[in-house]
Amino acid sequence: MSAPVIEVRDLRKVYGSGDTAVHALRGLDLTVARGEYLAIMGTSGSGKSTLLNILGCLDAPSSGNYLLDGIDTAEFGEAQLGLLRNRKIGFVFQSFNLIPRTTALANVELPLVYAGVRRKQRRARALAALQMVGLVDRAGHRPNELSGGQQQRVAIARALVTAPAIVLADEPTGNLDTRSSEDVMAILDRLHATGRTVVLITHEDDVAAHAQRVVRVVDGRIATGVAA
Amino acid sequence: MRFVEVLAFAVRGVTANKLRSALTTLGIMIGVASVILLIAVGNGASQSVQNSIAGLGTNVLTISPQRAQAGSSTKPLTTADAKALADPTEAPAVKSASPVVSTSATAAHAEVSYSISQFLGTDPAYFSTTNSSVAEGALFSTDDVTQGRKVVVIGATVATQLFPTGNPVGETILVNNIPFTVVGVLASKGSNGLQDADDTAVAPLTTVQNALTGYGSLNQIVVQATTADTLDAAQAQVTTILDGRHKIGFGQTADYRVLSQQQLLTARTATTDTFTVLLASVAAISLLVGGIGVTNIMLVTVTERIREIGIRKAVGARRSSILGQFLLEATMLSLFGGALGVAAGFIGTRFTIAGIQPVIVPSSVLLAFAVSALIGLFFGSYPASRAAGLRPIQALRHE
């Protein structure tokens with residue numbers, strides 16, 4: 001087994017303070033190997049989304065260490081975290097989070113713009129990513145002109161357009177019907193097949209069945225680790 | 001991240017909500033335009049006052065009666081006073097002294113009747129003293145004054161009112177039902193913002209006294225000094241002569257007042273300055289209100305788009321590129337609105353407003369433009385910089 005791409009030690013996250021403090025994570029440990037396909041399950045409020053947000057560098061832990069490729073992310077500054085989110089991590093949200101009034105193509109191009117890729121190359125790569133999710137013919141459509149499943153596929157195209165090593169997905173099928181869910185999972189499976197590390201959160205056992213390994217988060221800690 | 005890309009995002013941001021962008025622009029435009037326009041009106045008023053007073057000449061003294069101290073008697077200014085002032089041995093610095101009576105009168109010609117605000121009776125020297133010249137016809141002569149002929153020289157406004165089409169020279173008009181022959185029309189002097197200098201008619205002193213005002217006191221004696229340099233000497237001589245004739249002792253308040261054009265100018269400038277300050281404060285309020293409107297819209301724009309900021313950060317945008325985008329959006333709206341405001345201000349000042357030809361003050365253009373731009377920039381960038389400083393997940397969860 002290769003060196004872990006994600007290593008989390010004694011991770012804690014507290015929202016608020018004093019009597020109203022909410023302990024979302026209470027000393028969580030997790031290791032994800034390179035190229036692994038991991039599903040995180042757990043009830044609402046168990047802290048799994050908080051965990052994934054921290055893994056995606058969208059949020060910072062209150063205490064504990066998050067080592068990405070062996071380097072503690074606490075050492076990174078704002079600009080380097082931006083670079084990480086841009087190059088290394090692709091994040092897929094449950095609620096898609098596309099920019100409204102902006103075409104699918106422009107949404108997919110967005111990370112490349114911030115990466116400083118030239119217009120011509122950007123267009124080609126964004127179209128290739130849309131091709132991969134089967135939405136090239138919808139490139140000129142705005143998010144409100146797309147179905148939920150199509151929006152999620154655009155969001156996945158955006159997550160993979162910079163060819164990140166890690167793809168994180170927070171309940172990617174949570175808002176989708178069965179048919180769209182299967183499309184989305186097929187894409188994630190293919191991403192894994194090309195050697196990417198995929199971590200996803202889900203409530204559904206059949207979605208979790210796509211993963212090599214399933215962990216359960218209970219009360220801010222990992223409860224069981226079952227190799228698939 | 002190149003500047004062109006940030007600019008492209010900003011352009012898309014501005015055009016994404018056209019109505020809101022248009023309203024923001026409109027707010028800035030109205031603020032800027034009103035500042036430029038109102039200050040220009042105030043400035044125009046004060047300039048026309050200065051011009052009209054300067055038009056009277058710099059070597060002129062105006063003597064008018066004033067109430068003396070309680071206890072002492074008040075003697076009216078008389079034609080004899082005016083004659084005494086013109087004495088070349090007693091007052092060598094005085095070139096001429098014109099007695100002036102003034103009244104308002106209703107003039108009529110054919111079916112038209114017009115109320116002249118200043119109907120003056122004086123002598124021919126008055127015209128040269130006040131730099132008045134005729135556009136048509138001729139002035140009346142000293143002989144007309146001696147004979148008390150019913151002739152009149154009318155101002156441009158009176159001419160256009162009574163004779164909209166024909167030539168007034170040689171025509172007869174009825175002034176308070178007394179027939180006067182129009183011998184000339186004065187060249188236009190324009191409005192000074194407070195009164196129309198052309199709304200006047202000038203007739204021989206004796207005629208006006210005989211027909212309209214009676215042989216009472218004079219309203220003014222207008223004195224012309226020999227040169228502008230002898231004005232002070234003339235003022236001293238005039239004071240000495242009148243003190244003697246009116247028996248004003250040392251330290252007593254005189255029953256007349258001598259004002260030079262310079263003093264008149266100072267007094268009138270003070271008045272128009274007050275006027276300008278008043279207009280400027282109204283303009284400043286409208287700029288402030290416009291600025292608050294812009295502030296409000298900028299705050300709403302940014303707050304509403306905090307989620308968008310979160311998305312951009314989640315895909316790797318740096319704080320600086322987000323800040324740059326919103327700063328550019330605010331700059332474009334402010335500059336565009338400001339430019340439109342300047343244009344509207346310039347167009348507006350081409351029209352005569354309430355009888356005043358506005359004159360643009362260059363610094364007001366700069367000030368209005370800068371203030372509006374700064375308001376837009378500050379209130380656009382401040383909430384954007386706060387939002388850009390959030391962790392992506394905080395911005396994404398923002399409701």
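**Chat about chain A**

Modeller: Of the 228 residues of chain A, 46% count as buried. Keep in mind that this is a predicted model.

Biologist: OK. How many helices and strands does chain A have?

Modeller: There are seven helices and ten strands in chain A.

Biologist: And the contacts in chain A, what share of them join residues at least 24 apart?

Modeller: If you take contacts between residues at least 6 apart in sequence, 70% join residues at least 24 apart.

Biologist: Let's go to helix H4 of chain A. What span should its 14 residues have?

Modeller: H4(A) covers residues 119–132, and at 1.5 Å a residue it should span 20 Å. Its end C-alpha atoms are 20 Å apart, which agrees.

Biologist: Which residues of H4(A) are buried?

Modeller: Arg122(A), Ala126(A), Ala129(A) and Leu130(A). They cover an arc of only 100 degrees around the axis, so they sit on the same side of H4(A).

Biologist: Why would residues three or four places apart point the same way?

Modeller: Because an α-helix has 3.6 residues a turn.

Biologist: And which residues are exposed on the other side of H4(A)?

Modeller: Lys120(A), Gln121(A) and Gln131(A) are exposed there.

Biologist: What do the buried residues of H4(A) pack against?

Modeller: Two helices of chain A: H3, residues 104–115, and H5, residues 148–160.

Biologist: How do the axes of H3(A) and H5(A) cross?

Modeller: At roughly 30 degrees, and the axes come within 7 Å. With angles under 35 degrees counted as roughly parallel, that makes H3(A) roughly parallel to H5(A). The crossing is right-handed.

Biologist: Which residues meet there, between H3(A) and H5(A)?

Modeller: From H3(A), Ala104(A), Asn107(A), Val108(A), Leu110(A) and Pro111(A); from H5(A), Val154(A), Ala157(A) and Arg158(A).

Biologist: Switching to the backbone. What is phi like at Gly134(A), after H4(A)?

Modeller: Positive, near 75 degrees. Cys57(A) also has a positive phi, about 60 degrees, although it is not a glycine.

Biologist: Where is Cys57(A) found?

Modeller: In the loop between helix H1 (48–55) and strand S4 (63–68) of chain A.

Biologist: Is Cys57(A) buried or exposed?

Modeller: Cys57(A) counts as buried, because it has 27 C-beta neighbours inside 10 Å, and the cut-off for buried is 20 or more.

Biologist: What about phi of Asp219(A)?

Modeller: Near 50 degrees, positive in a residue other than glycine. Asp219(A) lies in the loop between strands S9 (213–218) and S10 (221–227) of chain A. With 15 C-beta neighbours inside 10 Å, Asp219(A) counts as partly exposed.

Methods
Residues are numbered from 1 along each chain as its sequence is written. Chains are lettered from A and ligands numbered from 1 in the order in which they are written. This is a predicted model: local features need pLDDT of at least 70, side-chain atom pairs count only at pLDDT 80 or more; totals for chains, interfaces and linings use all residues. Helices (H or I, at least four residues) and strands (E, at least two) are DSSP runs, numbered from the N terminus. A residue is buried if 20 or more other C-beta atoms lie within 10 Å of its own, exposed if 12 or fewer, and partly exposed in between; C-beta atoms are placed from the backbone. Two residues are in contact if their C-beta atoms, placed from the backbone, lie within 7 Å. The expected span of a helix is 1.5 Å times one less than its number of residues. The arc is that of the directions from the helix axis to the C-beta atoms. Axes are lines fitted to C-alpha atoms, for helices over the stretch in contact, and angles run from 0 to 180 degrees between N-to-C directions. Angles under 35 degrees count as roughly parallel, over 145 as roughly antiparallel, 65 to 115 as roughly perpendicular and the rest as oblique. A crossing is left-handed if the near helix is turned anticlockwise from the far one by less than a right angle, and right-handed if clockwise.
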